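Please read it alongside the coordinates shown below.

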Amino acid sequence: MYTSIGAVLIAVNPYKILAKGPRKRPIYDELVAWYYMEQNRLGLAPHVFKVSADAYADMKRTGEDQCILISGESGAGKTETAKHVMSFVTIVSPQREEERKPYETRTGNAASTVKTQLLNSSPLLEAFGNAKTTRNDNSSRFGKYMELQFDLAGVVIGGRVTNFLLEKSRVISQAADERCFHVFYHLCTGGIDEIPESREFFVAQNFKYLSYEHRTISRVDDRAERKALLDSMTSLGLSADEQSSVLYILGGILSLGNVEFQETAGGFNHAAEVDPASWPQLEYAASLFQVPPEALAQALTSHLVRSGGRASVTRKQLDPRRSESNRDTLAKETYKRLFDWIVHRLNRTIDSKNAGGNASGYEVDASTGSLSLGLLDIYGFEIFEMNGFEQFCINYCNEKLQQYFISLTLRAEQAEYLSEGIGWVQVEYFDNKPVCDLVEAKPKGILNVLDETCMFQNASKAKFASAVQRVAPHPHLVLDRIHGDSAFTVRHYAGDVVYQYEGFVEKNLDSLFLDLVETLAESGMPLMRDLFDDQRTEKEKAKRPPSVSTQFKRQVTELMATLEKCQPHYIRCIKPNAAKRSNFTDPELMLHQVKYLGLTENVKVRRAGFCHRVTFERFLRRYAPICEVVWPLTNISAENCERLLTSGRPRQWPGGPPLDPIKLARDRDYVIGRTKVFIRDPQTLFTLEAQRAAVIPCVASVVNRIVKVFLAMNRLYKFRVAVTKLNAHVRKFVQRKKYERDPMRGLDYHARQALRLNLAAVRLASILRRKVAQKRLVQKRETVYLETMQMLRTGAVSVTKHIPGKPPFSKPHTSDKKLTFTADERSLSWPSGKAGRSDKIIALGDISHVELGFRATPLFSTTAAVVGAPNAATNSKFCVLFVGKNGKFKEEPLEFPNEWIRDRVLRAMHRRRREQFPDRGASASERFCPSLGLQ
């Protein structure tokens, strides 16, 4: 049964399975889940699936982590509500590609998908962490924060469980008409499969820790629950050896509780020993723990006292009372460590943030990250006839959650009205911050003085009572004469609770002697060794371990830090009656819960305030299509919001239904704030939603048409571009083929004329450039020729005679004879020394070919060339090389008037030589004068 106050869902426990319709269909099936997921939820009836759909949709839309806070007293239905939320998420979450494959081809854990593992985690945690109380048949005796993990597409990829403050004292004792943890009764229905005789031994009536009776729960079959537990463990990846080890440890805890102690013979120092009548129980417990019974008995009846580090060690005997306390401490600590191992093992299977991913093969991508939806299912506020340390911690946690609820609902909502500039009369509510400070503040908080008391070796109840009295006076702490030094009263938000001092000190310390830890750490069972494997150093072992209250306060602080990072959604569970009967309500009990949960103040704020508030942008983008004045939407402003609500001009869409005009009065029906629109009456919101739903098909049709036109135009444009390019390539290909066959044939008349003119112009330009170059070359040659002849006439160039057959220039000498010119001045005559004969040479015949003025071929067969002299004293010494027809040659020294003429002549000679005779190899000058280096 559900109702709501704004976004806060009120869930009343019906104590039966709800169904509706002629077929009595359950209201939590898959069809209902999809109905709430796909419909507009503003006008839908309150339901746990509605809150779940809001949280899931907000997570996908905003990309922010969400959390659902489920609160209420014990028996109000918090655990079942959390299971419905998990069921909804597994229904609406999309399937991964791996889950669509056949069962045999899946990778990862072959047992099941991650959704099935998340659902199977509930039976496992309930069996080990829940128990029957006077107020609830399936009461959670631990706090649980289940973090469901999603990828960015909203697909479930894993989960993680964080547990808080297990009520381990329930292992050794329970109140009347209450049970121990469910798993012990599951064990007693079938024993341990590996030990056939255990089926007769493991009967609840045989164990002290189960009050020597099998207390049942109506409509609950422990055998069926045992089978569901084993199936759940198998689905979550626990091997057969691990399951057997868990059952062995549970059986060992029950057998340990039957061990009794007595004083030793002679009664020396009241030393204790195991009662011989219960020695078989000790042996059976030791065999299940797989430790020697003598070592276990010694660790239970004595402990080592170390002084000066570990240098001095003595064994101190315990009396029977302290031995029993030691036994109970071992049973509680063993079960607590086993429960922590179960949670750790569960997280190793389903947590996708593990290194390498979870057992189903899903791993969070570090580059993109993941999203989460948290479910807080924690024990409700408890008020019993006898309230101790556990109830104090539980109620402290509820105070912190109530403070968080107040700060995010009542206080934040009223602060929002003031920040938006809306006139507001402050609504008074119960602020429980002073209560939280009374419990946790330093240095005078109750938990702080409890830790200070426990620091002393002789800490006791009386010293703690004295320390609490120093905390007074405090408006929420009552120390009256009726209870005296036996109890104190705290005024919580849910009412006054009387706490007995008895047990606070012992339960806060709850330390296990190191002897027991070392004994069980040497067990032959791998799981037992893991539970008691102490990784601390010797220095850390010598320190006092943190108290239970310190650890719990740290866990609560971490929980609140986690919740502050998420966007919250609230479910407040109400218990209709204390008799756990369906179709029956207790008005006084329900009114009490409504008051202390802060729902009365929440209703006052909602009635005095506004049922719906939304930013200008979201308001206009959602409702603009129903108003002609603001459609099409051009700008986001407060004026457009007001015109939409007051114009009374609805937009009539083609083919759409006629809309009623909306004309609202400002300050009575709505208020425009600085950034948001506030609507007071829910009926106004329903009207807006109804008109929007009526025009959405028309808007969708218009948008569909526009999109189709845009896509068609885009395709047409791309098609035109492609056709144009294709035509160009085809034309180019065709013309190229025609041109290859006949350059002129493939062209029309104008193209042929243009091509002929182009070719004629190119030829004419080439002829003109050649004529101009030839003319310039002739002019240059004539100029150089005239200059050279002038120098030769004036005797500027002199020749030195060289003796034939000797190395060049080895003995040069000067000749008195001078060069003489022929009549045509194109050849030089050099007297050979023989009468009547002179060698006709072309003095500069080769030079004529290198731009020294001579254009004709040499006139005579004998040729001459200017070469360098490698052994000359200076670079100005050169010679004329005369080469005959027979290949013989002779050299005559040659001097130039200046270095400019020398360099010009030599470079021209070498360049011309290489141009005319590229295949002849090195010239004579290069063979005989390689050191010249002329290029």
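In this predicted model, Lys-227 and Asp-231 sit 4 residues apart in helix 8 (residues 222–235), a spacing of about one helical turn. The two side chains form a salt bridge, with 3.1 Å between the closest N and O atoms. Lys-227 is exposed, at 53% relative accessibility, whereas Asp-231 is partly exposed, at 41%.

**Salt bridges**

- The structure contains 29 salt bridges, and the pair Lys-227 and Asp-231 is one example.
- Lys-461 and Glu-502 form another salt bridge, with an N to O distance of 3.6 Å. This pair links distant parts of the chain, its members being 41 residues apart. Lys-461 belongs to helix 17 (residues 461–471), while Glu-502 belongs to the loop between strand 17 (495–500) and helix 18 (504–509).
- Within that pair, Lys-461 is partly exposed, with a relative accessible area of 33%, and Glu-502 is exposed, at 52%.
- Arg-668 and Asp-669 are also joined by a salt bridge, their closest N and O atoms lying 2.9 Å apart. Arg-668 is exposed, with a relative accessible area of 55%, whereas Asp-669 is buried, at 13%.
- Elsewhere, Arg-141, Glu-167, Arg-170, Glu-178 and Glu-382 make up one network, joined by salt bridges that share partners.

**Positive surface patch**

- A patch of positive charge on the surface brings together Lys-732, Arg-736, Lys-737, Lys-738 and Arg-741.
- Lys-732, a member of this patch, is located in helix 27 (residues 682–741).
- Lys-732 is partly exposed, and its relative accessible area is 46%.

**Buried elements and positions**

- Helix 16 (residues 446–454) is largely enclosed by the rest of the structure, because 8 of its 9 residues are buried.
- The buried residues of helix 16 are Ile-446, Leu-447, Asn-448, Val-449, Leu-450, Asp-451, Thr-453 and Cys-454.
- Leu-514 is found in helix 19 (residues 514–521). With a relative accessible area of 18%, Leu-514 is buried, since the cut-off for that class is under 20%.
- Leu-514 and Leu-304 are 210 residues apart along the chain, yet their C-alpha atoms are separated by 7.9 Å.

**Annotated binding site**

- An unreviewed UniProt entry assigns the feature "binding site" to Gly-72, Glu-73, Ser-74, Gly-75, Ala-76, Gly-77, Lys-78 and Thr-79.
- Gly-75, one of the positions listed in that record, lies in the loop between strand 5 (66–71) and helix 3 (78–92).
- Gly-75 is buried, with a relative accessibility of 3%.

Notes:
Residues numbered from 1 in each chain as written. Predicted model: local features only at pLDDT ≥ 70, side-chain atom pairs only at ≥ 80, totals over all residues. Heavy atoms only, no water. Salt bridge = Lys/Arg side-chain N within 4 Å of Asp/Glu carboxyl O. Helix = DSSP H or I, 4+ residues; strand = E, 2+ residues; numbered from the N terminus. Buried < 20%, exposed > 50% of the residue type's maximum accessible area, 1.4 Å probe, protein only. Patch = residues over 30% accessible without salt bridge, like charges linked within 9 Å, V, L, I, M, F, W, Y side chains within 5 Å. Areas by Shrake-Rupley, 256 points an atom, 1.4 Å probe, with all protein chains shown as cover. Lys, Arg positive; Asp, Glu negative; His and termini not counted. Charge placed at Lys NZ, Arg CZ, Asp CG, Glu CD. UniProt positions renumbered as here; feature names shortened; annotations may be inferred.
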